[in-house]
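Thanks, everyone, for making the time this morning.

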Amino acid sequence: MLKAVILIGGPQKGTRFRPLSFEVPKPLFPVAGVPMIQHHIEACTKVPCMKEILLVGFYQPTEALSRFLASAQQEFKIPIRYLQEYAALGTGGGIYHFRDQILSGGPEAFFVLNADVCSEFPLPEMLAFQQQHSDPHSFVILGTTANRKQSLNYGCIVANTDTSEVLHYVEKPSTFVSEIINCGIYLFTPVIFQHIGQVFQRSQQERLLEESANGWQRAEVIRLEQDVFTALAGRGQLRVYKTDGFWSQIKSAGSAIYASRLYLSQYRESHPERLAQNSPEGPTIRGNVYIHPTAVIDRTAVLGPNVSIGKGVTVGAGVRVRESIILHGASLQDHTCVLNSIVGWDSTIGRWARVEGTPSDPNPNDPYAKMDSETLFRDGRLTPSITILGCNVTIPAEVVILNSIVLPHKELSRSFKNQIIL
């Protein structure tokens, strides 16, 4: 029997995702029409012998989260529970804290997935890979190839090319180490808790020595990457399974649009019913588009590629939407144009207005390029990026909003470009 653990973080994480994370916990933000972690849950339920899925994080168990868990349990017919940490315990501390819950029922192995990645999730392949290397106590990290410059933003893995054994692991190195990077998706056996336990013991002893120096740093905060993998590398217990499938981090709001594109193109195989089709009485669809069944869309609108339209959205005549996410309850009045933007819940865009951002996509000519985690400002200026309207923003008719971030509950009266509107 197997289990899966999804690490969902907490409210003081996901800051690069503001203003969108004000309204909904980041793991529930819709990507390609469904909450971000539904993609993880669906992938886990496709693994044979999967008995339970645990979410670990330090969000308060809100109504939105409870509702999501209840509907996901019904849809996927599998127990899904949320385990709330009392504080941010790090990627290793959280699973160590709840080790009894994870090990109850005696799973032979369990997956650990970070919530803020989008992936094909080749979980059955990782399982087969672990069994084929016939070492029942080895752990598997999912890896992918990045280009040299971008690899410095990730955990880098040096592996033996024949045995796939991890020889060396460095989190965000300052100089080039390897182009194989950690995808934040792991397959562990219960033995991992012995290794995390050793780290825990060590850090408790160190704390006794320097109790006065920084009392706030809890011994329970354990990072899988820096504290556990770095120590396990080169000891024959850690292997890397390299995937050629799609993978991206979802750190900033801009990367949610890119992740949406990756998932929408996967829908062609996995969920063709989720993709909108052209029909004589419907809008013009170009490329992959997701439209919630409750949305009302004028037949003269043109949508796509890479558009997802949420619950209860209304789209007027002659509207053009491309490379964007329109969240539930938003209203796009006649002849608006929305490009490379995220339109927040219950926002309204007046007629003939234009809302446009600058895509921050990876270089399409480099097969190994990843999303750059752009800083918000560069040289004292706002970096051109996706335009984001927070929830309940009103854009008047005939204005242009370009490369801007508008915080929730704002009523604008004119055009803006390259600004954060507070």
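Please keep in mind that what you see is a predicted model. I start with the open sheet of seven strands, in which the pairing is parallel and the order reads β15-β18-β21-β24-β29-β32-β34. At its edges lie β15, residues 289-291, and β34, residues 420-421, each of which pairs on one side only. Helix α9, residues 253-270, packs on this sheet, where it touches β15, β18, β21, β24 (341-343) and β29 (387-389), and the direction of α9 makes about 95° with that of β21.

Now to the helices. Two packed helices are described by the angle between their axes and the distance between those axes. For helix α1, residues 36-45, and helix α2, residues 63-76, the axes come within 11 Å and cross at roughly 30°. Since angles under 35 degrees count as roughly parallel, α1 and α2 are therefore roughly parallel to each other, and their crossing is right-handed.

Which residues meet in this contact between α1 and α2? From α1 there are Ile37, Gln38, Ile41, Glu42 and Thr45, and they meet Phe68, Glu75 and Phe76 in α2.

Conventions. Residues numbered from 1 in each chain as written. Predicted model: local features only at pLDDT ≥ 70, side-chain atom pairs only at ≥ 80, totals over all residues. Heavy atoms only, no water. Axes fitted to C-alpha atoms, helices over the stretch in contact; angles between N-to-C directions. Helix = DSSP H or I, 4+ residues; strand = E, 2+ residues; numbered from the N terminus. Parallel < 35°, antiparallel > 145°, perpendicular 65-115°, else oblique. Left-handed = near helix turned anticlockwise from the far one by under 90°. Contact = heavy atoms within 4.5 Å. Pairing = 2+ DSSP bridges.
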